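Have the structure open beside you and follow the points in order.

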Amino acid sequence: MILFFSGTGNSRHAAERIAEICGETLLDLTEVFRGELTPALSEEERLIIVCPTYAWRIPHLLSDWLEQAELREGAACWFVMTCGSDIGSAAAYNRQLCEKKGLRYMGTRKVVMPENYITMFTAPEEAEAKRIISRAQPVLRKAGEN
């Protein structure tokens, strides 16, 4: 199952492409965070978590939820993180979270998407954003095949 959280649409796009490739079911965690849905994940043997990078980590809202969620012990867990350029040391934090939850950490992959943190950076023009998204497609294909 693919669990995704997306603030601006970049991570949703990534999750949808990965789902197309690997045939996994998508779960929009926004519905879960709002209390509109309580997913049954304790039987899932494989989790792919797709989210944006916030301060070089997964969003705190997501990590807090994952710490409380009932997940299958030993489930394989991958992380796919969208970013403007880098994810810093996010993989180390993701590994620690998996260890804490009893999940098998399978890795973290970054996917560079159009910058949208406009407080510090300039968002690309439409043509450049399309080029960035196009360059991300092979990375998303690899993420879906793993």
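Predicted model: local features only at pLDDT ≥ 70, side-chain atom pairs only at ≥ 80, totals over all residues.

1. If you skip its neighbours within four places in sequence, Leu66 is in contact with Ile49, Ile58, Leu71, Leu97 and Lys101.

2. Now zoom out to the core. The largest nonpolar core has 26 residues, and Leu66 is listed among those with the most contacts inside it, along with Leu3, Ile58, Leu62, Trp65 and Phe79. At least two residues of this core come from each of α2 (29-33), β3 (46-52), α3 (60-68), β4 (76-83) and α4 (90-101). The largest share, 4 residues, is supplied by β4.

3. On to the charged side chains. Those of opposite charge can pair when their charged atoms come close. How many salt bridges does a search of the whole structure find? The count is 7, and the next points walk through some of them.

4. Take Glu20 and Arg17, a salt bridge whose closest N and O atoms are 2.7 Å apart. Both sit in helix α1 (residues 10-22), and because they are 3 residues apart there, about one helical turn separates them. Is Glu20 buried or exposed? With a relative accessible area of 57%, Glu20 is exposed, since the cut-off for that is over 50%.

5. Glu24 and Arg46 also form a salt bridge, with 3.0 Å between the closest N and O atoms. Glu24 is in the loop between α1 and β2 (26-28), while Arg46 belongs to strand β3, so this pair ties together parts that lie 22 residues apart in sequence. Glu24 counts as partly exposed at 22% relative accessibility, and Arg46 is partly exposed too, at 25%.

6. Next, look at Asp86 and Lys110, whose side chains meet in a salt bridge (3.9 Å, N to O). This pair links distant parts of the chain: you'll find Asp86 in the loop between β4 and α4, and Lys110 in strand β5 (residues 104-112), 24 residues apart. Asp86 is partly exposed at 37% relative accessibility, and Lys110 is partly exposed with a relative accessible area of 35%.

7. One last thing to click on: a network of salt bridges links Arg12, Glu16 and Asp28.

Key: Residues numbered from 1 in each chain as written. Heavy atoms only, no water. Core = buried A, V, L, I, M, F, W, Y, C linked by side-chain atoms within 4.5 Å. Buried < 20%, exposed > 50% of the residue type's maximum accessible area, 1.4 Å probe, protein only. Contact = heavy atoms within 4.5 Å. Salt bridge = Lys/Arg side-chain N within 4 Å of Asp/Glu carboxyl O.
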